[in-house]
Amino acid sequence: MSDRIFLDLEGVKRAVVVLRNQSTSLVDSLSGTDQRALSAFSTVSGFRGVGLRLGRVSEFYSVEALDALSNHLLDVAGVVEANLANVVGADDSLAGVFSRLGSVVAVGGPGPEYASRMGEVAAEAKAVNATASDFIPPSPMVGTQRDLVRLHHKLAGSNIAATAEDAAYWRALAARITETVEALYGVKSALASSLETRWVRRGDERLNRIQRAGGVYAMHAEAMAGHVEALGTTAAAEQVMAAAAVATAAATTDPVAKAAFEQQYLAAFPKRATAAL
């Protein structure tokens, strides 16, 4: 494809507007969401750790990644807008100067092309090119419990509702990101008639990368919803089993048999819960 400057001005302007609107709505749509409850999900060893880590992902990493995605959209809008201003302004400024001089510059083109490419460099230099932190969660480990009744009370105090709220947050996030990815097809369509222009092609290529990254993010958000729901399901199941175990122990009149039953239950709990988590 050539490096000629051919622009559908209205299409490019429309693309910039959509990019800025999507960037803003991407963040605003989930503002005010409070995920702190998951960080205090449970006092039971292992469950507490998983709740803290998943809560940290919701509170910090998801917001950071969302901001990065939003900033990449702003970057594309800013670069396209700056290049558009450079090209339009070049007719009355740098391009006219080089044209009158009759200069054939090092980039292999006449003055207006040189002015356009210098504008590209300046526009790209303003881009944020945001990144997000890597996150690798450690494996959960449920510790030994010494008292059945205390374990029962700890499990009963676990905030199962917090997992449902957090899962809903992740599903809403996945849906919003998917909407943004789909909206970018409209941006690409608005730029399609100007793809002979090099900086428009580069913007289109970056949009492809943003769409791929957004698709991966949405997929991971759906997976996070499943992980959080699994935490709630596991805790709820342990609540029921612990309640039944306490009732069985209370109904056992032989002290030796009662102690043996409780120890057997407590010995099995860490391995079973760790495997479930």
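Reply: Happy to; here is how the terms apply to this model, one question at a time. This is a predicted model, in which local features need pLDDT of at least 70, side-chain atom pairs count only at pLDDT 80 or more, and totals for chains, interfaces and linings use all residues. Residues are numbered from 1 along each chain as its sequence is written, and side-chain values use heavy atoms, with hydrogens and water left out.

Me: Why is helix 1 called roughly antiparallel to helix 6?

Reply: The axes of helix 1 (residues 9-28) and helix 6 (residues 160-191) cross at roughly 170 degrees and come within 8 Å. Axes are lines fitted to C-alpha atoms, for helices over the stretch in contact, and angles run from 0 to 180 degrees between N-to-C directions. Angles under 35 degrees count as roughly parallel, over 145 as roughly antiparallel, 65 to 115 as roughly perpendicular and the rest as oblique. The crossing angle of roughly 170 degrees therefore makes helix 1 roughly antiparallel to helix 6.

Me: Which residues make the contact?

Reply: On helix 1 they are Gly11, Val12, Arg14, Ala15, Val18, Leu19, Gln22, Ser25 and Leu26. On helix 6 they are Arg176, Ile177, Thr180, Ala183, Leu184, Val187, Ala190 and Leu191. Contact means heavy atoms within 4.5 Å. The residues of this contact divide into eleven nonpolar, four polar and two charged. Ala, Val, Leu, Ile, Met, Phe, Trp, Tyr, Cys and Pro count as nonpolar, Asp, Glu, Lys and Arg as charged, and the others, Gly among them, as polar.

Me: How do you know whether Leu191 is buried or exposed?

Reply: Buried means under 20% relative accessible area, exposed over 50%, partly exposed in between (1.4 Å probe, protein chains only). Leu191 has a relative accessible area of 2%, so this residue is buried. Leu191 is found in helix 6 and touches Val12, Ala15, Val200 and Leu207, not counting residues up to four places away in sequence. The C-alpha atoms of Leu191 and Leu9 are separated by 9.3 Å, although the two are 182 residues apart along the chain.

Me: And what does Ser194 touch?

Reply: Ser194 touches Phe6, Leu7, Asp8, Val12 and Val200, again not counting residues up to four places away in sequence. Ser194 lies in the loop between helix 6 and helix 7. Its relative accessible area is 0%, so Ser194 is buried.

Me: What makes the pair Lys188 and Asp204 a salt bridge?

Reply: A salt bridge is a side-chain nitrogen of Lys or Arg within 4 Å of a carboxyl oxygen of Asp or Glu. The closest N and O atoms of Lys188 and Asp204 are 2.9 Å apart, so the pair meets that definition. The pair links distant parts of the chain, with Lys188 in helix 6 and Asp204 in helix 7, 16 residues apart. Both residues are buried, and for Asp204 the relative accessible area is 13%. Asp204 also touches Leu195.

Me: How many salt bridges are there by this rule?

Reply: The count comes to eight. One of them joins the side chains of Arg176 and Glu179 (3.5 Å, N to O). These two both lie in helix 6, three residues apart, about one turn of the helix. Arg176 is buried at 11%, whereas Glu179 is partly exposed at 46%.

Me: Where do Arg272 and Glu238 lie?

Reply: Arg272 is in helix 8 (residues 255-276) and Glu238 in helix 7, 34 residues apart. Their side chains meet in a salt bridge (2.9 Å, N to O). Arg272, at 27% relative accessible area, is partly exposed, while Glu238, at 3%, counts as buried. Elsewhere, Arg171, Glu222 and Glu229 are linked in a network of salt bridges.

Me: What share of the protein chain counts as buried?

Reply: Of its 277 residues, 41% count as buried. Among contacts between residues at least 6 apart in sequence, 85% join residues at least 24 apart.

Technical notes
Helix = DSSP H or I, 4+ residues; strand = E, 2+ residues; numbered from the N terminus.
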